[in-house]
Each structure stands twice: as structure tokens, then as C-alpha cells.
Amino acid sequence: MEAPQTPAAAPPYTITVQVLRANRLQGRKPSFQSFVKVEVDGTVLGESEKKLKDDSENFFLYDFSCSFQCSREPQAIAELARKLVIVNVLDFLPDERKADARTAVLGQAVLDLLPFLHGQTKFSSRVTLHSGTDLQTKSRDSKAPIPTLDVKLDVSEALMSSVDLACSNLLRVTVETAFSVPEPWTQQAGSSPTSSSYTAALELPVSTQNNQRLVFSEGALKAGGSREEEGRPKKRPFLPQLLPVNSALPGATVEPAPIEEEDGELTGRGDRLFREEAETKKSRVSWDVEMSCFLSGEATNRLRDTITKCRLWPVEIMRSAANAKMLPEENPDIPFHGVAFVDMGRLLFPGATRIRGAYCVQPFTDSLLSDKAKRSASVLKEHAKAAAAAARGASAAVAGKKGAGNKGAARKPVQSRVDAGADGATDLAAETVNLQGNLYLDARTYILVEISLEKPLVPKTPPEELSRRVMALIPPKPPVTPGPTKAEQAVQNFHQQVCNVGRIVSEQVDELYGADVKLSEVNKEELKAQVMAELNLSGRYFSIRESLKHAVTRLARDKMPGSDLINDSRDRAVFICNLYAYLVNEMHVGLNKMLSEEEVETSEEFHLSPSQVRHFTREAQSLGDYELAHQHCLEVLMQNPKDPQSLFDLGSHYMLTEDYLKARTCFYEALAIDPIHQPSLIMCGVLAFLCENYTAAQTFLEQAATLDNHGVVAWTILGLLHESQEDEILSERAFLEANKLLKSAESNKLKEVLKHWTELMAEKTAEDPQEEVTQAASPPPPEEQEQAERRSLSAGSEEEDPDSGHEAKSSEPKQLKATQRPSIYTETVSFLLQNNALQMAERALAQELLSPEGGYTVSYLLHLARLQLRRGEYASAIANLEEALHHNDENAEAWALKGHCYLLQGALCRARESYECSLSFQPPPADPHLVLLRLGTICQEAGQFEQAKELHLQACEQSPSCLTWLGLGVACYRLGELSLAESALTEANRLNSRNAEVWIHLSFINLQSNRLKEAEMYHKYAVKFKLQDEELLREYREMHRVTSFSHLSHLFEDRTGASQV
């Protein structure tokens, strides 16, 4: 029985390199011979035949092909990312003696194989031929044409399928510069710049099981005194075959970004001055080398999983003597061994493809590597072991040619040195290494590293998909009710014409007999005859007839189809009878509609703008009149039912009354009208978050974060959402995006302020050209402002001694931080409090307290007091406000909030003091309208009507409302200024005709003016709108009794005088 045949292994890939021709090539002589030599990964693939230049042509035609094999193993395919095809064009220099024939390099071209890793099977390229010779340099200086080489590469078949290609990725790592290196590196007596070698290394997973060690050698030590050149080219890894000019990567440059936009460490305000000094004045080691790693789909997944398990990846650095002996293979001690930990977690941000930043170098220890990076092996030690093993193998091969006796003699001293080192110098070596590593801490060395990906590890959801998800979450609106049909429209038109005729006839009767006539007493035949005569005389009958004729024709055509096809006289008679009966019935319907309509008294037309009504809504909500606020919200919505902002305001009001279902319905309806209404998206996300519907909340908030205006709020709440789910990477990403938007907004505001200030100074200079005064008054540039702020912050931190301040801290439980700029959390808390999302505001406040940018500050205390005020925790709010005022007693907002708390507690005297302090400081409080209104009410209740009048008048000038005019009217009434009081109360009634107090005070004024009938009518309106103040009702009854008695006495006197006469 024959054994089963094993399937044959697939043949390796064949990559063919075809050198076509060289263009504009120059040699030492006008006519010369040249040939090409192709190398890949240090292996020479072949040399072409020697070609002689044709004087009539300006190119060499080589048409040379060579190839090499590439295994189908994933590791071999991944190695193509770092392999280079080096083509050397050589000048053949024959001599009279054949043995002395020489060659010279005319140029060198370099190509990478990355197009094959992108799915291509062939590509052609015209690459520049670079040369380091003096001849080529001179030709370049004289602006001669640059020589080029035409090369074509192809592979036998695609290296991977389209599916594998879509899952693959390309990782690039660039080690730029190590700044502020230890001083011993630059203080070597009698040493040359090349006497030491500087190496950086890290390890990356490039397959499902194997890692690739990236070693960046040939670092160059540079003295300080100037910055690194911006836009300098990145370099390829060092290869001895490459000419120096070909070490630069074409099209790849080092592009520095602002420090605040970096992803690493040392990005704070206090670190900028140090980095400025280190990058301009101190010595540094520069690599600027980029290495590429190809990642298959499985390797990409492994990279993602590895970063998820541990975000910090070590980048090791060392300095060694260039002529030092090989380190021992078993346990090499790395000189000046340091390590920096790169936070790779930001590559897991959705859509992230690049991180770049400065990372502090620390002394390397195995325990530090295990704690931070969860690794046990040092990359540099493993590299040293591999190098030592390779060197030992090479030396053994060379020594094998010698005698065995020489071997033993050569080995014994080495063994003795190793044993001696192992027995007696282990502790000393370890101590030396630790001391060398500590030099990194003393110098504050940091290294710039950039890691980029061709595709993001976590794809970013496109805006179109987010919009689709949002619309899927919003319940569909009910179908639009179809409008009336043509037949229904014809009937409605007939009813309308009947009503018009009825009104015309009624007006004619009123003209003939008067409005108060009783029609039952009038002869109907005479009435009919007179009305018809007047209608004919006035021409109204003709217009009535024409309008009814068109209405009947339309009704007969649309309501009774087929009437045009009646030819039989009998059928026509039947149709006319039916039409007549139908018209009579519909006429009765129309007349009943006219008679059943209630007459509504229409006053003078007056429409409030939506901004005015929104102002009234906020006022009513602040005063706790939620019913009136709800009416105002509905009023705005009725003005424009399709306005998403009106629906959003109504939803915010429902949030205030804790009717969350209605609030969500309003937000959904706003999004149904405008799917990108950002506040509604945010509030939908907040409600979904509170209901623990995290998927929907993430969808709403991600969509809101893509929009402008409230992007800081959306990103911050999204970060809180991810933080509640313990997703550290996504929460960090959200908070970083929020901080970027906030800093951008602050920068734009600063630019606008400086622009406005410059314009004012220019106008002032034009009016009064005093240059010195202008320069003294002009603000410092933003850079100087930031530097001054940093100096003040650093000085403050130096003055705060923990030992000296122990007694002060013991007396105060918490120490307030210095006032800082608004943070993303305070911005979010302001938005949430404004829209009555108190639970989410509490979460954001807790995060503000824990964040390094915020903490226990005056801003935190003010927002906490606002939250406690909304919740009715007045005592706690007052305590926090007093602590804030202890730090800054000129904070108008804190005084205003304190006044609100005292007022709601019933402490009117303390509330008045707080309100007065609030109005005396600048800038004014956030809501001065409420402060003026409540302070005026307190003065009015205290009987200080003159002060109340001034306060309410100021409120009317700034932001008029019904309550401000009411307060002004009441104060004027109590002062006896009845005319001014009536004008103010009339204006208040115009803004809100449902306020009972306005009606009752108008009644008081009419009673004072002896207008009893108007007073009684106003009193009825006050009762109709449910006046609850019994004291005002009792005052009205007393004034009404006195006025009525006075009125009767006057009538009695008039009648008595008339009888006597």
C-alpha cells in the first residue's frame, strides 16, 4: 500500500529588480564605461555588463535584471519593510595593466519594498543618483541636470490577499533627540566626538509570537547653543553600504509641534521654561532615525492587546565607549543604562495614528521595568548578549584555523577575568551603573520619540454612521395628517361664503334697525324687503351672488362628480333637487358655525419676541414660579413650533420639575426637527447616561462632540461616561479633546481682546499722540503674560513650605488653591446647571475636585454652592461661599449667591447686605437682574420705597419684565406718584396680563382717582387670576368701602342741592 503523499510546499516569492537605464550620468571623462551592481540586505545580487556611453545619447541603457527569493513565512514578509534595494552605478577605469583596473562610484540609488506590502505586484520608479564625490558635488553646485536611474521591480504574485491587506498595518518608530544629557557626557578630557557610542532601543511585537528589536545606534552628541533645525530630514537606519547622502528618507521630515499638543510628559506650564532652556542651551544626542515595521492582521491584534494590558512601553538608552571591548555574554552590565516609558495607550484612541512627545529618562532597574512595563528582560541586555554571541562565533571560526594550544592559552586569561568579575566586582559594578543612571535624574534628561501607524488600531466612527445611529434612537414622528380633499375644501369654502353672507346681512340689519333692536318685534316680510332693497342699492347683493355662485359651482363639481355628463332632462331635474337639498343642509351647518363661535375680546395686538419670553421664563424659574415658566415656554413654542431651541427650552424646564420622560420627549422632538442640534444631543446623552443606557448615551455624545459651540461639554460628559465604565483609554481621550477645544477657545478670546485693545490704543494715539503713555497702557504680549504667570506660580510653590505651614494647615481643614483658568469640568457644570441636570453636574464637580488642573479652588466652591442652592441645602452653600469670600472678598457672584441663600432662609437683613455687596463690585454677578429684583423687593417690604424705586428702575433699564415694572409701579404708588405708578403698572400689564398683583394695584390707583367702575373691573381680573395675598385684598375692601361711601355722599349732596333749587 502506498503511503499518502504530503502536499508540496508553496515556492517562495521571486522579486525581480530590473535596472533599465541611467539618465544624464557624468563621469571623469567624456566617454567612459559604466555598470550597475545591485545589493539587497548586504547581499550582492549581481552586476551588469559594462556599457559604453554613446556620445549621441545622454543615457546608458543597461537593461539588467536580477532577483532574490522571499519566503512565504509572515516573518519574512514583514522583514521586507526594512530591506532596501541598493543600486550602485560604477565607473570602470581601465589601466594599461589589466590587473590595475579600478572602479569608482558614480552614483547610488536606494529603493524600498513598501509598495509590495501595499498590495502592488509591480512598480517603476525614477530615482535620483546620489554621489559623495567632488565631481558630483561640483556639478550640483553648477546647477547641472541631476542624474537619475530608471528601475522596475515586480514580484511573482501578490504577497497577501485583499482581506489580509485590509487588516495589515505599517508601524513607524522615530527616535529624534535626547535633550539635557548628563554633564559627564560632555566633560570628557581629551576625547573626540566619536569616542563614544549612543544607542536607543525598544521592542515591538511584529507577529503572533515574535518580537522585533529596534536598535537606534550612531547617535550624534551635539553641543548646545541653538535649536534643532525644523524640517530636518529623517534618516534611515545605519548601513555601511549607504552613502551618507542616501541616509535621509525622501519626503520624511521632523516636524515639531507645540508643547501643549504633545502626547508625552513635560507638557505643563512649569516644564516649558526648562524645555526652552534644554533645547537651546544644553547638549543633546540626536538620532532622527525612522524604522518601519510591517504588521499583519494577527500582529495588529496582538499589538492592540499588548497595549491594552500595559500602556507603558520602555525605550532604553545607553552610552558606551566606541572602542570598548565586547560585553560579557552571560550578564552584561550596560553603561549609563536609562529607560523612558512611552505611553502607547493613546494609539488606542479612535482614529489615532500618531503619538509624539518627550519622555523622561530614568535609571534602569529590573524592578522598575517589571513594575511599569510588566517586562522582565532588558532590550539592550538582550542585544548585547546577541552581539556577544555573534562575535564569539566569529572569533571561534577565526581561531579554528590556529593550533589547539593557542586556544587554551587565549581562553584562560579571559576566564580568569570573568570569574574575578563575578566574584569580587559584582557589587561595585552594580553600584557604578546605579550612579551612572542617577545622572539622568540630576540632568532631567528626556528623549523625543514619535510612533505612527498607517491605519488606526481603533477605527473612528464616521459622522454619517453617527447620524444614522442617532436617528435610529429617536422614535419616528407620527405621519403627517393628510389635508382636506378637494370635496372637503369645496364644502369648507361654501361654509365660509355662507358665514360671510350672514355677517353682511347682520350688518345691514344693524344699520336699519340698530344693534339693540329685538327682531321678534319686527315684521319679517318688511325686514326682508328692506334688507334686499338696501343690498341692491349698495351693490352688496351682486357681490354676494357672485361669491355664492362660484362656491356652489365648485361644490357641485368636486363634491358631486359626473354632473357634467347628465343629458337627460329627468336626470338633470333629479340632480338639481338633490343639489338644492344638500345646499340647504350645508347652509344650516355654516350658519350654526357662525352663530356658535364665541366672541373673543381682542385687545391691541402686541407680540413679545422669543428672547423676551425666554428672559421671563428664566425669571419665573429663578423665583420658583414653575407654572408661569411653563406657560412662557409654551408661548415661545406656539410662536414657532418648528424651532428646536424652543423645544429644548421646554425640555430643560421639565428637567427642572424632574419630569424626565417629558424632557426626553422634547429633546427627541428637537432632534427630529434638527438632527445636529447640539444641546439636545448632549441632554439626550445625559438622560441616557442617568438611565444607564450607555450605548445610546455614547452615540448621542459622540455625535455632539463632532459639532462646534458646546464641544467641550460633550467631550467632558463622554469622558465621564467612559470613566464610569472603567474605560481608562477612552476617558483620557475624551478629556484630552475637551482640553484642546477649551485652550483653543481661550486663545481665540485672547486674540480678540488684544485686537480690540490695539484698536482702542490706536484711536487714543490718534486723538492724543503720546507714545510713552500708549506703551505704558498697552498690555504685555501673551508670551510675557504666561511667563509672568508661571513665575508667580513657581514662586508661590517655593514659598509654600510643608514644615513651616503645618500650623496653618492644622487650623484650616482644607487649603484653597490659587485662582486658575476655567477647566473643562467647570464649563460642563455651568452647562448642566443651566439645563437643570443636577445629578450629572455633581459628577462633574467631583471630577473637578480630583483633577490636577482644578482642585479645591474658588471656582469649585462657587459651582458647588450653586448646586447646593438648587437643591435647597442653604446652610452648606453659605459655608462654602464664606470660605470662597475669605479668599476673595470682592467676588460679586459669591455675594449674590450668598444673598439668595439668606433670602430663601428668611434672613432678609443678611440677604440685603449680601446683595448690596454684590452690586458694589466688578465684574457684576452672572444674573444682576435677579439681584436687583430681590433687593428692591426687600427694600419695599422694609418701607424704603425710594430705594426700591431706584433699584426697580435700574432693573427696568437693564432687563425689563413684568415684575420689574410692577415693583417700580408699587414703589411709586406708595410714594404717592400715581401717574408714574399707573404708567409702570400699565407697562407691566402689557408684558403679562395674567399677573393678579398688577391688576389689584391698578385697582388701587383707580380707587385713589375716584374711578370706581374701572377699579371694580380691575379687582375682578385680580380675583380671576387668583390673587393669594390676603393683605392686598383686605386693603382693597377698605379702600373700596371708603371710596364708595365718598361717592354716595357726593351723589346725595348733588341731589339735595338740585331739590333745593
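1. Helices (H or I, at least four residues) and strands (E, at least two) are DSSP runs, numbered from the N terminus. This is a predicted model: local features need pLDDT of at least 70, side-chain atom pairs count only at pLDDT 80 or more, and totals for chains, interfaces and linings use all residues. Residues are numbered from 1 along each chain as its sequence is written, and side-chain values use heavy atoms, with hydrogens and water left out.

2. Start with Leu266. This residue sits in the loop between S15 and H5. Leu266 is buried, at 11% relative accessibility. Here buried means under 20% relative accessible area, exposed means over 50%, and partly exposed lies in between (1.4 Å probe, protein chains only).

3. Phe336 also deserves a look. Although not a glycine, Phe336 has a positive phi of about 50 degrees. Its place is the loop between S17 and strand S18 (338-343). With a relative accessible area of 7%, Phe336 is buried.

4. Next, the salt bridges. A salt bridge is a side-chain nitrogen of Lys or Arg within 4 Å of a carboxyl oxygen of Asp or Glu. The count by this rule is 43. One of them pairs Glu262 with Arg275, with the closest N and O atoms 2.7 Å apart. Glu262 is in the loop between strand S15 (248-253) and helix H5 (269-278), while Arg275 is in helix H5, 13 residues apart. Glu262 is buried at 8% relative accessibility. Arg275 is buried at 2%.

5. Another salt bridge joins Glu732 and Arg311, at 2.5 Å from N to O. This pair links distant parts of the chain, 421 residues apart. Glu732 belongs to helix H23 (residues 728-767), and Arg311 to the loop between helix H6 (297-309) and strand S17 (312-321). Arg311 is buried, with a relative accessible area of 12%.

6. Asp558 and Arg554 form a salt bridge, their closest N and O atoms 4.0 Å apart. An α-helix has 3.6 residues a turn, so residues three or four places apart point the same way. Asp558 is partly exposed at 22%, and Arg554 is partly exposed at 27%. Elsewhere, salt bridges that share partners join Glu176, Arg227, Glu262, Arg275, Glu276, Glu279 and Arg356 into one network.

7. Helix H21 (residues 694-705) has 12 residues. The expected span of a helix is 1.5 Å times one less than its number of residues. For H21 that gives 16 Å, and the end C-alpha atoms are 16 Å apart, which agrees. Because 9 of its 12 residues are buried, H21 is largely enclosed by the rest of the structure. Among the buried residues are Phe700, Leu701 and Glu702. Their cover includes helix H11 (463-473), helix H19 (660-673), helix H20 (678-690) and helix H22 (711-724).

8. How many disulfides are there? The count is 0, where a disulfide is a pair of cysteine sulfur atoms within 2.5 Å. Cys972 is in no disulfide, and its nearest cysteine sulfur, that of Cys956, is 9.4 Å away. Cys972 is buried at 3% relative accessibility.

9. Last, check the peptide bond between Gln922 and Pro923. This bond is cis, with omega about -5 degrees. Pro923 lies in the loop between helix H32 (908-920) and helix H33 (928-941).

How values were computed:
Contact means heavy atoms within 4.5 Å.
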